[in-house]
Every structure is written in structure tokens, then in C-alpha cells.
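Please look over the sequence and the model shown here before reading the notes on its ligand sites, its sheet and one of its helices.

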Amino acid sequence: MAGVDIHFKCTQCGKCCRDSKVPLTVAEAIGWLNRGHSVQLICEASPWPRGLADEDPGAAHFKRRSFAAMSGTLPMRVVVILAANNAGACPNLLPDTRCAIYADRPLVCRIYPVEINPSIALNPAKKLCPPEAWMKDLPVLERSGRTMNDVVRQDVSSWRDADAADALLKSRLCVALNIMDAALVHEAVLIYSPRPEALLSALERAVQAHDDVPVPTQWRFVSDRSETLEDVAAHGGIGLHVRDSDAVSYQHLNFAREALFGPYLATGS
Ligand code: SF4
Ligand code: SF4
């Protein structure tokens, strides 16, 4: 937002450490699993016709963090988010609302409430932080859309770099876990909850593979809207109605695009 200062100081209320999904880098997900906690995979995909305008910031952000795949004859890109699923309190949240792994907490925990997606403006009204965290006498967090806190700005940059660097590895991870269904971006996400041991093992193998060649995979678009499925089929893709899905391992969650790219995903349903 041009010309607008957003003031902020964390009150340590702990709200963002409850009932949230915390996106993790691959390295963070391995650490999370090794601590005995579970990690989910959140999948969404978009058809990606040749020549799609990369100058659109939202499209560029999506492309950077996704891997290429095919659905029938339709080129597409898939985003896979690894996320801690905090139903209730995060397992690292101490009774006095301090973080038990503060020095090693995930990047997204360090970044909140700043947005990771460059095409989304920080909107205090959409954040969990209480009103007293946004008072005008507090330090300026954002000025004219630019993050003024150097540490947070560096953390956002580190997150985006890791997110991009992890994309190809996630394509190998999906092959290892036999994941080939995704929801259409803007419409919904599919949430997979593999057994922690299976995910840890698959992640470690994917990290060790050091294979830069994209794995050719065929994906399906899962939707609960017949118009979406007809559109996918009309463009050569493979669609599957959620009610016909043979995979019981995922949850289909209708989800607004803007919320998806926030650092935390509310577990609304
Ligand atoms: S890891 Fe720490 S900062 Fe992050 S959600 Fe859990 S308790 Fe909160
Ligand atoms: S919700 Fe906001 S104010 Fe509360 S602990 Fe999280 S970042 Fe701090």
C-alpha cells in the first residue's frame, strides 16, 4: 500500500502458534519430523500453457516455487507445501507462550505477520495479532509495502530461496509417495497426511538423490466443480471429481488463494 506505514511489535500472545498450518522448508520438515511431530503435504496446481506471462508477480511467484508436470496433454505446474499441522497448540509452545525451539524455529514463525507472497499486501485485519500489536507508537514494520525490519526481510528472502530450491526435490518426493493428485489453484488444496516415518524416509531419499532432471509425472486435477473438470478435459487434462476419488489419503479443502499464500493457513474446516 503506497505511502502507508504499518507499525508492529509482537505481544507474544501465542495465537499464531495455535490451530495453524506452518509451512516448512524441506530442511525444517526433516527437523520437525525428527522431533516426533507430523508434517502434511498441501498440493495445488495450475495449467501452464507456453508463454504464460511471467511478468505477472503472482504467476512468477507460483512458477518459482513449483515444478513442471503434465496432466494428459496439458502442461501444468504443481506447488507442494510441507506444513506442520498444529491442531490446538503447536507441540513447541510452552505454557507461558514461549517457543521451546525459539533459536531453531521455522522461518515462517520468524516472518509472521509479514507476507511471503510478494503480490499480497500485509493487512493487519487478516492477521491473528491483537490490536495492541499494531499501535502507531510501535516500530514501523512496513513502509509503502517494504518491510523495514532487516532481519525479517532477510528471512523472507531466505524462505523464498529455499521454497524455490526445494521445488524439484518435492517432485521426487511426490513420486516416492505416489502422490499425483492436486487441486486447482484459486479453488482448493489437497492435503495429504502421510505416516511421519514414511514421509521422513521419502524426504531423506529425495534429498540424497541429487537429481536435477525433472521426473516426468502425470497428474490429475481434483475438483468438486463440474465446470472445472469440463474445462480441464477440454484442454487435454485429466480431471477427477472429489467424490470419485479412490485416494482416501487426502482431504479436499476449498481455500481462498489469498489465504493460501499467507505464512499460516487457518485450519478453518
Ligand atoms: S515452532 Fe515455536 S514459534 Fe513456531 S508455531 Fe511452534 S511454538 Fe510457535
Ligand atoms: S499472533 Fe502476532 S502478536 Fe501474537 S505471538 Fe503471533 S506474531 Fe506475536
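The report below describes a predicted model, beginning with the ligands and ending with the backbone elements.

## Ligand 1

The space that ligand 1 takes is the largest pocket. Around ligand 1 stand Cys17, Trp32, Cys90, Asn92, Leu93, Cys99, Ile101, Pro106 and Cys109, and by class this shell comprises eight nonpolar residues and one polar residue, with no charged residues.

## Ligand 2

Ligand 2 also sits in the largest pocket. The residues around ligand 2 include the run Cys10, Thr11, Gln12, Cys13, Gly14, Lys15 and Cys16, together with Tyr112, Cys129 and Pro130. By class, the shell of ligand 2 holds six nonpolar, three polar and one charged residues.

Three strands, in the order 1-6-7, make up an open sheet with antiparallel pairing. Because strand 1 (5-7) and strand 7 (146-147) stand at the edges and have a single partner strand each, one side of each is left without a neighbour in the sheet.

Strand 1 and strand 6 (residues 140-143) run antiparallel and are joined by three bridges; among the residues involved, Asp5 has Arg143 in strand 6 as its bridge partner.

## Helix 1

Helix 1 spans residues 26-34, and its buried residues are Val26, Glu28, Ala29, Ile30, Trp32 and Leu33. Trp32 is also listed among the residues around ligand 1. After helix 1 comes Gly36, which has a positive phi near 95 degrees.

How values were computed: Residues are numbered from 1 along each chain as its sequence is written. Chains are lettered from A and ligands numbered from 1 in the order in which they are written. This is a predicted model: local features need pLDDT of at least 70, side-chain atom pairs count only at pLDDT 80 or more; totals for chains, interfaces and linings use all residues. Side-chain values use heavy atoms; hydrogens and water are left out. A residue is near a molecule or strand if one of its heavy atoms lies within 4 Å of it. On a 1 Å grid over the protein atoms alone, a cavity is a set of points where a 1.4 Å probe fits but cannot get out, and a pocket is an open set with protein on both sides within 12 Å along at least five of seven lines; lining residues have an atom within 4 Å of a point. A molecule sits in a cavity or pocket if more than half of its atoms lie within 2 Å of its grid points. Ala, Val, Leu, Ile, Met, Phe, Trp, Tyr, Cys and Pro count as nonpolar, Asp, Glu, Lys and Arg as charged, and the others, Gly among them, as polar. Two strands pair if DSSP finds at least two bridges between them. Helices (H or I, at least four residues) and strands (E, at least two) are DSSP runs, numbered from the N terminus. Buried means under 20% relative accessible area, exposed over 50%, partly exposed in between (1.4 Å probe, protein chains only).
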